[in-house]
Amino acid sequence: MKTFGYAAQSATTPLAPFTFERRALRPNDVAMEILYCGICHSDLHQARNDWGASRYPMVPGHEIVGRVTEVGSAVSRYKVGDAAAVGCMVDSCQHCDQCRADQEQYCRNGWTGTYGGADRITGEPTYGGYSKHIVVREEFVLQMPKGLDLARAAPLLCAGITTYAPLRAAGVGPGSRVGVVGLGGLGHMAVKLAVGLGAEVTVLSRTKDKEADALALGADRLLVSSDAAAMAKAQYSFDVIVDTVPYKHDINAYMPLLDVDGTLALVGQVGPIAEPSTIPFIFARRKLAGSLIGGIAETQEMLDFCARKNILPDCEMIRMEQINEAFVRMERSDVRYRFVIDMTSLKA
Ligand SMILES: [Zn+2]
Ligand SMILES: [Zn+2]
């Protein structure tokens, strides 16, 4: 199938129109027309080869919402016209212990990225959601529950599941005390999801500037992390802290805020953090954890939960040709809180 999208041809070239082929449907494949695609911070990192493993040409995009246009002969859960979605993964080995436990994101044999990966059968490069169509095996297609606004739901496929998984892993529910560090695409979802789960939510920020935003998102309060007295008073007051800061930073001020057995989950920074002291770990059995997106079953659970609770990201819709400008603005954190590309703006 001939299709088209926007691609980076190298780490230093802007995204530009690109025509390419999607594979002919295998028996277990679903073809979709893409309606909306969220812009994730990792799209920018990958397009610029910040993590060193990028393959070009690259069509980024792994927050994909669309409509089914064709299904393979063995597909049972989807039919033409269904609203459907694709996140960060399009395949995995399907037989290791992690895959069997619905944790494909930790597949022992490596999962296949929606873009920048290699098809497990042909080895051909995978291309992402900044494009008109996509073909994905049924097991990696999500159902869009009725009632979820398709135009705003796309960021749930990465930002949503990335923050939902550590909250669920920590057993967050009514009465849980949750802290959120960083109030960008991930952080604003962490707040909304934790509030939806019934938690008491505090946003941690260096200044008071984001207080009104934090409260508008549903948080109960903002704790100013540069206020030593307020931080001292807040010791032992969180069950879990979700840290969404996407660059090297210092967690030493946050650890003492956790209660005994509390966990700080890192979901933003992929790489080094400032050297942590072991004192808060040892003296209250606190834990430092990481978390990567979530499995397909948990992603579906999160979508259904968001539909039930009417939880949606705050989005700014852009046209496809505004993508390079959106990347520049995203680098300056000049977006509230996630860009979504209206893919109807992409013409051949
Ligand atoms: Zn992402
Ligand atoms: Zn596996």
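**Exercise 1.** Work out whether Glu138 is buried or exposed, and which residue it forms a salt bridge with.

*Solution.* Step 1: start with the accessibility of Glu138. Its relative accessible area is 8%, so Glu138 is buried (buried means under 20% relative accessible area, exposed over 50%, and partly exposed in between, using a 1.4 Å probe and protein chains only).

A quick note on the model: it is predicted, so local features need pLDDT of at least 70 and side-chain atom pairs count only at pLDDT 80 or more, while totals for chains, interfaces and linings use all residues. Residues are numbered from 1 along each chain as its sequence is written, chains are lettered from A and ligands numbered from 1 in the order in which they are written, and side-chain values use heavy atoms, leaving out hydrogens and water.

Step 1: find the partner. Glu138 makes a salt bridge with Arg77, and their closest N and O atoms are 3.8 Å apart (a salt bridge is a side-chain nitrogen of Lys or Arg within 4 Å of a carboxyl oxygen of Asp or Glu).

Step 2: see what gets connected. Glu138 sits in the loop between β8 (133-137) and β9 (142-143), and Arg77 in the loop between β4 (64-71) and β5 (83-86), so this pair ties together parts 61 residues apart in sequence (strands are DSSP runs of E with at least two residues, numbered from the N terminus). Arg77 is partly exposed, at 41%.

**Exercise 2.** Find out which strands stand at the edges of the open six-stranded sheet.

*Solution.* Step 1: write down the order, which is β12-β11-β10-β13-β14-β15, with parallel pairing (two strands pair if DSSP finds at least two bridges between them).

Step 1: read off the ends. β12 (221-224) and β15 (287-290) each have a single partner strand, so one side of each is left without a neighbour in the sheet.

Step 2: zoom in on one pair. β11 (residues 200-205) and β12 are parallel, over four bridges, and Thr202 has Arg221 of β12 as its bridge partner.
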